[in-house]
Amino acid sequence: MAVITIHFPLSQDDVAKLRAGDSVLLNGPLLSGRDAAHKRLITCLKDGRPLPVDLRGETIYYVGPCPTPPGRVIGSAGPTTSGRMDRYTPDLLGQGLRGMIGKGQRSQVVMDAMKQYSAVYFAALGGAGALIARSIRGAKVIAYPDLGPEAIYRLEVVDFPVIVAIDAMGNDLYQFGREEFAKKIPIIDFKGDAV
Amino acid sequence: MREIVAEQITDLVARLCQTANTDLGNDVMNALSKAYQTEESPVGKDCLQRLIENAKIAAAESMPICQDTGMAIVFVEYGQEVVIKDGDFAQAIHEGVRRGYTGGYLRGSMVQDPLQRVNTGDNTPAVIHTRIVSGEHLKIIVAPKGFGSENMSRLKMLTPAEGIEGVKKFIIETVSLAGANPCPPIVVGVGIGGSMEMAALLAKEALLREIGTPNSKQDLINLESELLVSINDLGIGPQGLGGRCTALAVHVMTYPTHIAGLPVAVNISCHVTRHKSGTI
């Protein structure tokens, strides 16, 4: 498989050329954030307060890492389920967010917003926290330290392996990848429906 | 009567929390290797190879296999001759989880109140399931459970008329709905029968069986292999990106039930299906 190397921040050109199914190595600075941080960011927007971080051109990795052992940059740091962020995502895309890294399907509403704002969603390897930690070379909390593992970190990554799951054209590897391998199952009246 | 000091329980639980999270069992490693051999999707094969590499790194560097080091689910077989000395049974377990997680740099994933949602910081409390058995030993199994897969689990109270076909449909439908979210390839724990909570507990307990160890009931062996084929025919594949291997195993447990009911619970576990045990 050909592998594409990308350097952050993601440019509009980067986003335009990436297609669902591409294998990518990510490099450079990105943000971390998951459930609790997303909730706070959205509360900020609702209250008309400035966000603690400028999201224009940024990529968010949905991760809540393990505590950092001595002598290391970070603990295990694999992706969490992205679907839980779906209700917050369109508003963050509206703030200029351009890339997301997580695992699992996204809602139609998110996919529509990704098309509208031209954004890309990468799948990292769920459950591969020890492997991914090797690609993380810098980690610093930049917002919400009280949230512990759920704080927003500025991460620096080198050759972080991901796959484009949903591109800005709306192609969804979770759907077409599954359809390619689904077989008719006699006992059920659906055939590998991606739900 | 045999006295066991509470501190012994704490020590054992702390150790099991750490080894369970860094050392993936041979059963899962073997199942992943087998899946790698047979996977047809290039992306799926690549994912499986990296999952195996990840588990090796974790074991070699004592790093958690996954950053979701789980809710500490603790099963105890409590020999009825045992008396706990110098402490409280449940507190000794919670303290073991506290020491295991904080000392092992494992993530604290527990919030004190499900609605207020403030992290307890040390992954306590544990969820403890105790069964009193004969004898004078304590057997403790620590099974850290990640919530990407736990969230995809379901339970339904079927009617007896829905029968085995209804049970199969519900299990396959649950895996289909879960899709990519529970980090496939998954292990599917199924509990059939009992009451509502009993079915759920059986489904959890089914995950403790080593992959590759056959069910003790012949009819369930057949049901498990039939379900495994159907689930893998869903096409979800490793990481949900399409492929042949969606599940590594399906484990079913049953219990007598009421004439009016047919409860079925499906507890999905990710490829990091962890459990370590020890006996005092």
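**Figure 1. The largest nonpolar core of the predicted model has 92 residues.** Those that touch the most other members are A:Leu26, A:Tyr61, A:Ile101, A:Phe122, A:Phe160 and B:Leu248. A nonpolar core is here a set of buried Ala, Val, Leu, Ile, Met, Phe, Trp, Tyr and Cys residues joined through side-chain atoms within 4.5 Å. Buried means under 20% relative accessible area, exposed over 50%, and partly exposed in between, with a 1.4 Å probe and protein chains only. Strand β7 of chain A (residues 152–166) gives the most to this core, with ten residues. Helices (H or I, at least four residues) and strands (E, at least two) are DSSP runs, numbered from the N terminus. Another core, of 28 residues, lies apart from the largest one; B:Val167, B:Phe170, B:Leu220 and B:Val250 are among its members. In soluble globular proteins, nonpolar side chains tend to be buried together.

This is a predicted model, in which local features need pLDDT of at least 70 and side-chain atom pairs count only at pLDDT 80 or more, while totals for chains, interfaces and linings use all residues. Residues are numbered from 1 along each chain as its sequence is written, chains are lettered from A and ligands numbered from 1 in the order in which they are written, and side-chain values use heavy atoms, with hydrogens and water left out.

**Figure 2. Surroundings of A:Phe122.** Contact means heavy atoms within 4.5 Å. Not counting residues up to four places away in sequence, A:Phe122 touches A:Leu10, A:Leu18, A:Val24, A:Leu26, A:Met100, A:Ile101 and A:Gly102, and also A:Val162, A:Ile163, A:Val164 and A:Ala165.

**Figure 3. The largest cavity holds about 110 Å³ of space.** A cavity is a set of points on a 1 Å grid over the protein atoms alone where a 1.4 Å probe fits but cannot get out; lining residues have an atom within 4 Å of a point. Grid points are joined across faces, edges and corners, and a volume is the space filled by probe spheres set on the points. Three cavities of 30 Å³ or more are counted by this rule. The largest cavity is lined by 14 residues, and the closest to its centre are A:Ala123, A:Ala124, A:Leu125, A:Pro161 and A:Ile163. Two or more lining residues come from each of α5 (129–133) and β7 of chain A and α3 (42–61) of chain B.

**Figure 4. An open sheet of four strands in chain B has the order β6-β9-β7-β8.** Its pairing is mixed; two strands pair if DSSP finds at least two bridges between them. At the edges, β6 (154–158) and β8 (247–257) of chain B each pair on one side only. From one strand to the next, the twist averages 15°. Axes are lines fitted to C-alpha atoms, for helices over the stretch in contact, and angles run from 0 to 180 degrees between N-to-C directions. Strands β6(B) and β9(B) (residues 262–269) are antiparallel and share five bridges, with B:Leu158 opposite B:Leu262.

**Figure 5. Helices α6 and α7 of chain B against the sheet.** Helix α6(B) (residues 163–178) packs on the sheet and touches β6, β7 (186–194) and β9 of chain B. The direction of α6(B) makes about 30° with that of β9(B). Helix α7(B) (residues 196–206) lies across β6, β7, β8 and β9 of chain B, at about 150° to β7(B).

**Figure 6. Two cis peptide bonds, A:Phe8 to A:Pro9 and B:Pro184 to B:Pro185.** In chain A, omega is near 0° for the bond from A:Phe8 to A:Pro9. A:Pro9 sits in the loop between β1 (3–7) and α1 (12–17) of chain A. For the bond joining B:Pro184 and B:Pro185, omega is about 10°; B:Pro185 is in the loop between α6 and β7 of chain B.

**Figure 7. Positive phi at A:Ser118 and B:Asp86.** Most residues other than glycine have a negative phi, and most peptide bonds are trans. The phi of A:Ser118 is near 60°. A:Ser118 belongs to the loop between α4 (108–117) and β5 (120–123) of chain A and is partly exposed, at 26% relative accessibility. B:Asp86 has a phi of about 55°. The loop between β3 (82–85) and α4 (89–103) of chain B holds B:Asp86, which is exposed at 61% relative accessibility.

**Figure 8. Two buried aspartates, B:Asp68 and A:Asp14.** B:Asp68, in the loop between α3 and β2 (71–79) of chain B, has a relative accessible area of 14%. Leaving out residues up to four places away in sequence, B:Asp68 touches B:Arg107, B:Ser109, B:Gly146, B:Phe147, B:Gly148 and B:Arg274. A:Asp14 is in helix α1 of chain A, at 14% relative accessibility. Apart from neighbours within four places in sequence, A:Asp14 is in contact with A:Ile6, A:His7 and A:Pro9.

Notes
1 Å grid on protein atoms, 1.4 Å probe; cavity = no way out; pocket = protein on both sides within 12 Å on 5 of 7 lines; lining within 4 Å.
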